[in-house]
Number of protein chains: 2
Amino acid sequence: MRFLRAHAALTRELGARLEAEHGLTMSDFDVLIQLYHAPEHAMRRIDIARQVLLTPSGITRLLDGLERCGLVGKRSCDSDARVSYAVLTEEGLRKVEAARQSHHADIDEIFGAALEAKEREQLGELLARLPLAPTAKECSE
Amino acid sequence: MRFLRAHAALTRELGARLEAEHGLTMSDFDVLIQLYHAPEHAMRRIDIARQVLLTPSGITRLLDGLERCGLVGKRSCDSDARVSYAVLTEEGLRKVEAARQSHHADIDEIFGAALEAKEREQLGELLARLPLAPTAKECSE
DNA sequence: CTTGTATAGTTGAGTACGCAAGCAATATAG
DNA sequence: CTATATTGCTTGCGTACTCAACTATACAAG
């Protein structure tokens with residue numbers, strides 16, 4: 001219960017700030033961050049989907065939007081004509097870096113006010129142990 | 001990050017089970033539980049909204065559905081003609097009790113497998129301290 | 001009483017997804 | 001080499017929301 005409430009309130013607050021300051025939804029930002037950390041800032045669409053826990057169809061539509069904004073581009077794959085990569089554009093890169101700054105500040109503001117550093121770490125550790133993240137790649141955002 | 005991932009996976013899993021076993025979404029269940037714990041199993045619609053972190057319009061539509069299923073009914077207020085109460089029906093009461101059982105079992109299965117009792121308590125305590133729950137009424141679900 | 005302001009609730013339009021179905025391209029088997 | 005799965009991706013449709021605008025009631029001040 002607390003989990004659900006905390007999540008709903010937290011995503012609402014952080015999402016609203018991201019939206020206001022950068023015109024991005026949390027999902028948009030999430031995808032951009034994945035690309036930011038990927039080699040050459042490129043990823044297969046399906047890998048993005050798995051990473052951010054959306055379905056492939058969700059990713060298609062989400063990337064449509066980011067492409068229209070000029071933040072990401074497409075690149076096809078030589079060895080497998082089925083796959084297409086999403087790549088961060090120059091503009092997308094700048095956008096990510098700006099949004100990352102302010103998003104981190106927002107998070108610090110909320111979590112920092114409530115929890116000591118040690119407690120934040122504890123929280124992270126407990127959440128990581130839930131048997132739910134299929135590809136729980138490390139990510140320090 | 002871990003928080004977002006854990007939430008997405010958790011709600012997906014629990015939501016799917018609730019849907020399969022009882023035909024309820026998480027939000028439906030959430031509302032029913034609030035009513036279940038309320039005096040006379042009745043609440044003002046706006047109080048439900050605040051409690052489950054949905055907007056009033058979301059509550060209107062959600063309750064529409066539950067009313068069509070015969071799980072809740074309406075009751076008007078004598079002292080204030082603006083408010084209307086949502087009340088659990090007999091059938092709704094039975095439904096809640098059944099769903100509660102199996103939902104708790106699902107939660108125990110997931111959390112119990114991952115965390116010791118003491119850790120679960122710790123997690124709950126940390127989440128409760130986030131400054132995000134406007135009306136963080138006690139609720140032990 | 002009247003006039004403003006706040007509150008409870010609904011409704012219309014729009015959005016962000018998921019699911020199921022489909023299309024290509026690839027991999028595997030016979 | 002054909003036939004059958006499997007994989008990556010997209011599309012149509014449905015759903016669960018939100019936001020902004022609206023109605024109706026309540027309350028407070030002049």
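Predicted model: local features only at pLDDT ≥ 70, side-chain atom pairs only at ≥ 80, totals over all residues.
Residues are numbered from 1 along each chain as its sequence is written, while chains are lettered from A and ligands numbered from 1 in the order in which they are written.

**View 1. The surface near DNA strand C.** Here "near" means that a residue's C-beta atom, placed from the backbone, lies within 6 Å of the strand. Of the 20 residues around DNA strand C, the nearest are A:Ser57, A:Gly58, A:Ala81, B:Ile46 and B:Ser57. At least two residues each come from helix 4 of chain A and from helix 3 (45–52) and helix 4 of chain B; helices are DSSP runs (H or I, at least four residues), numbered from the N terminus.

**View 2. The surface near DNA strand D.** Helix 4 of chain B brings the largest share, 4 residues.

**View 3. Where chain A touches chain B.** The contact takes 29 residues from chain A and 29 residues from chain B, with two residues in contact if their C-beta atoms, placed from the backbone, lie within 7 Å. On the chain A side, helix 1 (2–22), helix 5 (90–114) and helix 6 (117–128) each give two or more residues, and helix 1 gives the most, with 9 residues.
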